[in-house]
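Please examine the sequence and the structure shown below. The paragraphs that follow lead through the fold step by step.

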Amino acid sequence: MYEKELQEEIKTTHKIIIGDSRKMEEIDDESVHLVVTSPPYPMIEMWDNLFRKLDERIDETWKKMIVGISEKKEKYVREIYELMHENLAKVWKECYRVLVEGGIACINIGDATRSLNGTFRLFPNHSKIIEHCEKIGFVTLPYILWKKPTNKPKYKGKGAFLGSGFLPPNAYVTLDCEIILIFRKGKPRKFKPKDPLRYASAYTKEERDRWFTQIWEIPGTKQTIEERRVGAFPDEIPYRLIRMFSIVGDTVLDPFLGTGTTMKVAIELNRNSIGYEIDENLLPIIKEKVGITQKLLASNYSIEIKES
């Protein structure tokens with residue numbers, strides 16, 4: 001009962017920033033305890049235009065790839081892929097700066113399969129992010145495979161495959177998992193003995209056994225058109241990660257806020273939160289999701305919005 005009363009006494013603050021998370025000037029060094037996010041996935045077609053707008057080098061190289069001769073197109077494909085991850089790495093560097101010692105970063109990412117320059121291939125986004133984050137200084141921890149049953153393509157209602165049907169050897173394995181990478185800044189966080197907020201944040205044995213396993217089978221939830229456009233993840237993903245890697249009263253950062261799922265869950269779990277979103281057109285959707293329009297004056301949280 002004491003733990004429930006303690007949680008109810010917590011007053012949390014939440015900040016929505018319409019801006020570019022490659023430079024998070026609004027956040028002090030070592031002031032965030034957990035990062036939970038899902039960035040735009042390099043080499044997934046729905047995010048091509050975003051990356052091209054973010055970096056003129058990507059746009060120029062893309063144009064060269066379209067009109068270039070075949071021998072050079074392969075070089076341009078690789079340059080584009082590297083530049084996309086170079087831009088994401090600027091965000092990971094900022095996340096490292098703002099995290100406390102022992103703070104955790106959880107990054108939901110999908111690899112990409114695509115035919116460019118006439119060649120079907122895998123773009124292993126998760127491994128590129130690990131590479132960049134380790135260069136920044138993060139410690140890589142065991143990651144989670146999020147198996148999404150709804151992602152399987154069907155062939156006449158049965159199974160899943162890419163390639164030549166039942167004839168070897170030119171078929172391809174279907175990507176039906178996304179990966180939740182987990183990183184830590186420095187050594188594990190330290191707490192005072194019997195820290196009341198830490199004990200108020202405890203999970204059950206059943207939750208521990210279900211969550212701290214490498215494969216999560218969580219179906220994608222029904223989404224609005226806007227949520228599908230930004231690839232929003234279901235509430236269950238940030239719910240588990242926030243419960244696993246933060247305590248009541250901590251601050252959670254999502255540098256790619258999208259439609260606001262991470263912030264919505266942080267509010268429900270009595271954590272403070274900060275979210276960056278570069279697309280100002282998503283602000284009305286974020287407001288609706290986090291409950292600004294329905295918010296009561298007596299609520300135990302406040303929300304600030306900063307627009308450029």
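Is T262 buried or exposed? The model is a predicted one, and in it T262 has a relative accessibility of 2%. Because the cut-off for a buried residue is under 20% relative accessible area, T262 counts as buried. The residue belongs to helix α10, which spans residues 261-268. Leaving aside residues up to four places away in sequence, T262 is in contact with V36, F233, P238, I242, V252 and D254.

The protein chain contains eleven helices and eleven strands. It has 308 residues, of which 46% count as buried. Among the contacts with a separation of 6 or more, 77% are between residues 24 or more positions apart.

The strands may be considered next. Nine strands form an open sheet with mixed pairing, in the order β8-β6-β7-β3-β2-β9-β10-β1-β11. Its edges are β8 (215-217) and β11 (301-307); each has a single partner strand, so one side of each is left without a neighbour in the sheet. From one strand to the next, the twist averages 15°.

Strands β2 and β3 (residues 99-109) run parallel and are joined by five bridges. Within this pair, V35 has A105 of β3 as its bridge partner. A105 also has a bridge partner in β7, namely F183. How much of β7 is covered? Seven of its eight residues are buried, and the strand is thus described as mostly covered.

Helix α9 (residues 236-245) packs on it and touches β2, β3, β6 (139-147), β7, β8 and β9 (251-254). The direction of α9 makes about 155° with that of β2. Helix α11, for its part, lies across β1, β10 (272-277) and β11, and runs at about 175° to β11.

Which residues of α11 are buried? In this helix, which covers residues 283-290, they are L283, I286, K289 and V290. These residues lie on the same side of α11, because they cover an arc of only 125° around the axis. Just after the helix, G291 takes a positive phi of about 85°.

Two further helices can be examined as a pair. The axes of α4 (residues 70-98) and α5 (residues 125-136) come within 9 Å and cross at roughly 45°.

Two loop residues complete the account. E30 has a positive phi of about 50° although it is not a glycine. It lies in the loop between β1 (12-18) and β2 (32-37), and with a relative accessible area of 49% E30 is partly exposed. K194, likewise not a glycine, has a positive phi of about 60°. This residue lies in the loop between β7 (177-184) and α6 (196-200). Its relative accessibility is 66%, so K194 counts as exposed.

Definitions and conventions. Residues are numbered from 1 along each chain as its sequence is written. This is a predicted model: local features need pLDDT of at least 70, side-chain atom pairs count only at pLDDT 80 or more; totals for chains, interfaces and linings use all residues. Side-chain values use heavy atoms; hydrogens and water are left out. Buried means under 20% relative accessible area, exposed over 50%, partly exposed in between (1.4 Å probe, protein chains only). Helices (H or I, at least four residues) and strands (E, at least two) are DSSP runs, numbered from the N terminus. The arc is that of the directions from the helix axis to the C-beta atoms. Contact means heavy atoms within 4.5 Å. Two strands pair if DSSP finds at least two bridges between them. Axes are lines fitted to C-alpha atoms, for helices over the stretch in contact, and angles run from 0 to 180 degrees between N-to-C directions.
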